[in-house]
Each structure stands twice: as C-alpha cells, then as structure tokens.
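Please look at the sequence and the structure as they come up, and I will then take you through them.

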Amino acid sequence: NRDRILQSERLNVVSELAASVSHEIRNPLTVTSGFLQLLNRSKTLTSEEKGYVEMSLQELERAEKIVSDYLSFAKPQTPFMVFSDLSAELEYTKNIIVPYASIHKVEVVFSFHNTLTTIYDRNQIQQCLINLYKNGIEAMKETGGGTLFIDISEKKQQIIISICDTGVGMSKEEISRLGKPYYSTKAEGTGLGMLMVYTTIHKLKGKIEVVSDKGKGTTFLITIPT
Ligand code: ADP
Ligand code: MG
C-alpha cells in the first residue's frame with residue numbers, strides 16, 4: 001500500500017514536470033525542423049553537408065517522439081471530457097494505427113459491440129489506446145508480422161477493452177516492470193507509453209490485466225467501470 005502511494009506521488013511529480021517541459025520544447029523543435037527542411041532543399045549543399053542536415057532532422061524527430069510520449073500524460077491544457085461509449089475513439093485511433101501496422105506487416109482486426117457509456121477524457125483515452133496498439137505492433141515487428149486483435153465490449157456495467165498481439169511476449173519479470181518510468185527494451189523506446197496507460201486507467205478507476213506468453217504473444221485486458 002505504501003508502495004502504491006509512493007508510486008502515485010511519483011506519477012504526480014512526473015506529470016507536473018511533463019506539462020511544463022513538453023509545451024516549452026515542442027515549438028522550438030518544430031521551428032528548427034522547418035528551417036532544416038528548407039536548408040535541405042538548397043542546391044549548393046555538398047553531400048556531406050546534406051548528411052549533417054539529415055542527421056539533425058532525425059535527431060529532432062527523436063526528440064519530438066520523446067516529447068509526445070511525455071505530453072500524453074501531462075495534464076491536458078484543455079481537458080476534453082465526454083460521456084460516450086468509446087466508439088468514436090476506436091474509429092479515430094484505427095485510422096491512425098492502420099498505416100503503421102501495414103508497414104510492419106501486421107493485420108489489425110477490430111470488433112466493437114458496446115452500448116455502455118462513461119465519462120472520460122477523449123485525448124487521454126486516445127493516447128492510451130494508441131500506446132497499447134503501438135506496443136502490440138512493435139512486439140510483432142520483431143517477429144516479422146502478425147495480427148493485432150482489438151475488441152471492445154461490455155460486461156457487468158464495465159467497458160472491456162482487449163488488445164491481443166501475436167508478438168514476442170513477456171516473462172513474469174518483464175510484466176512486473178510495465179509502467180515504471182523509462183522501462184524500455186527497445187533501442188528507440190522512451191519507456192513512457194505504459195506509464196501513461198496505467199496513469200489514465202488508474203484515474204478512471206479501471207483495471208489492467210496482462211496475460212503474456214514468451215514467444216507467443218500478449219493480451220492486455222482493461223476494464224473500466226461505467
Ligand atoms: P516503449 O514502447 O517506448 O519501450 P512502453 O512503456 O510503451 O515503452 O513499454 C515498455 C516496455 O514494455 C517495452 O519496451 C516492451 O519491452 C514491453 N511491452 C509493452 N507492451 C508489450 C507487448 N504488447 N508485447 C511485448 N512487450 C511489451
Ligand atoms: Mg510504447
């Protein structure tokens with residue numbers, strides 16, 4: 001219990017920090033990246049110089065990625081509370097994730113059969129779903145592709161979200177680390193996605209169950225009370 005209190009205090013500190021850092025940093029990043037792209041069109045650049053510009057753009061992109069992972073659990077500037085059944089969120093996140101999935105040879109199977117409604121922050125739930133989908137796809141990227149099953153349904157006054165992948169899977173030990181800030185096994189990972197997911201679901205008084213089989217795949221089962 002004490003651990004849990006400590007953990008949630010830590011989350012508060014992280015999200016306060018994130019709120020100030022992300023907004024301040026994003027603008028200069030965008031501006032710099034814009035100027036570098038202009039510079040890159042110059043006909044007088046040598047190929048070596050072009051290489052430098054391209055490397056800078058890549059590094060900026062990485063910085064932007066870190067900021068957007070932070071931003072997702074920073075307090076939203078304008079909370080977007082809705083009373084809804086997640087169908088719009090499913091539709092929106094589907095359109096974002098399908099191109100990413102097909103690049104990595106992942107087929108996405110959606111199903112939605114839900115009529116329950118609850119109050120939630122639209123931006124946060126979208127971020128949360130996107131983070132989970134992304135992780136699933138990335139787990140299959142390593143195994144050369146697979147299928148991501150996304151299923152939203154209802155049961156006993158609860159919204160149930162099931163996200164199942166046929167990727168690399170996790171050991172018990174790895175599962176226990178999920179949601180710890182900066183825990184990542186990926187070269188390009190930030191280790192902030194699952195922190196965001198746990199924070200959001202926790203706020204909704206929901207639960208996250210993880211079932212995983214090393215080498216076979218992972219299922220995230222999320223229940224949100226309505
Ligand atoms: P990141 O994706 O940037 O590494 P996350 O917080 O989203 O950070 O995830 C943390 C770690 O949890 C990942 O690096 C990965 O090792 C593990 N993980 C999360 N989701 C899955 C999944 N669906 N399958 C296998 N491993 C996963
Ligand atoms: Mg992630």
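Gly-145 is partly exposed, because 16 other C-beta atoms lie within 10 Å; a residue counts as buried with 20 or more other C-beta atoms within 10 Å of its own, as exposed with 12 or fewer, and as partly exposed in between, the C-beta atoms being placed from the backbone. The model is a predicted one, in which local features need pLDDT of at least 70 and side-chain atom pairs count only at pLDDT 80 or more, while totals for chains, interfaces and linings use all residues. Residues are numbered from 1 along each chain as its sequence is written, chains are lettered from A, and ligands are numbered from 1, in the order in which they are written.

Gly-145 sits in the loop between H4 and S4; helices (H or I, at least four residues) and strands (E, at least two) are DSSP runs numbered from the N terminus. Apart from neighbours within four places in sequence, Gly-145 has contacts with His-104, Lys-105, Val-106 and Met-140, a contact being two C-beta atoms, placed from the backbone, within 7 Å. From Gly-145 to Pro-225 the separation is 80 residues in sequence and 33 Å in space, C-alpha to C-alpha.

I turn to the sheet. What is the order of its 5 strands? The open sheet runs S2-S4-S5-S7-S6, with mixed pairing; two strands pair if DSSP finds at least two bridges between them. Strand S2 (106-113) and strand S6 (207-213) are at the edges with a single partner strand each, so one side of each has no neighbour in the sheet. From one strand to the next, the twist averages 10 degrees; such angles run from 0 to 180 degrees between N-to-C directions, with axes as lines fitted to C-alpha atoms, for helices over the stretch in contact. Helix H3 packs on this sheet and touches S2 and S4, its direction making about 175 degrees with that of S2.

S2 and S4 run parallel and are joined by 8 bridges, with Phe-110 opposite Ile-150 in S4. S4 and S5 run antiparallel, also through 8 bridges, and here Ile-150 stands opposite Ile-163 in S5. Their hairpin has 2 residues between the strands, and Lys-156 takes a positive phi near 45 degrees there. S6 and S7 are antiparallel, with 7 bridges, and Glu-209 has Leu-221 in S7 as its bridge partner.

Cys-128 touches Met-196, Val-197, Thr-200 and Ile-201, residues up to four places away in sequence not being counted.

Finally, the ligand. Which residues come nearest to ligand 1? Of the 21 around it, they are Asn-135, Ala-139, Ser-184, Gly-189 and Gly-193; a residue is near if its C-beta atom, placed from the backbone, lies within 6 Å. Helix H4 (122-141) and helix H6 (193-203) each supply at least two residues of this shell, and the largest share, 4 residues, comes from H4.
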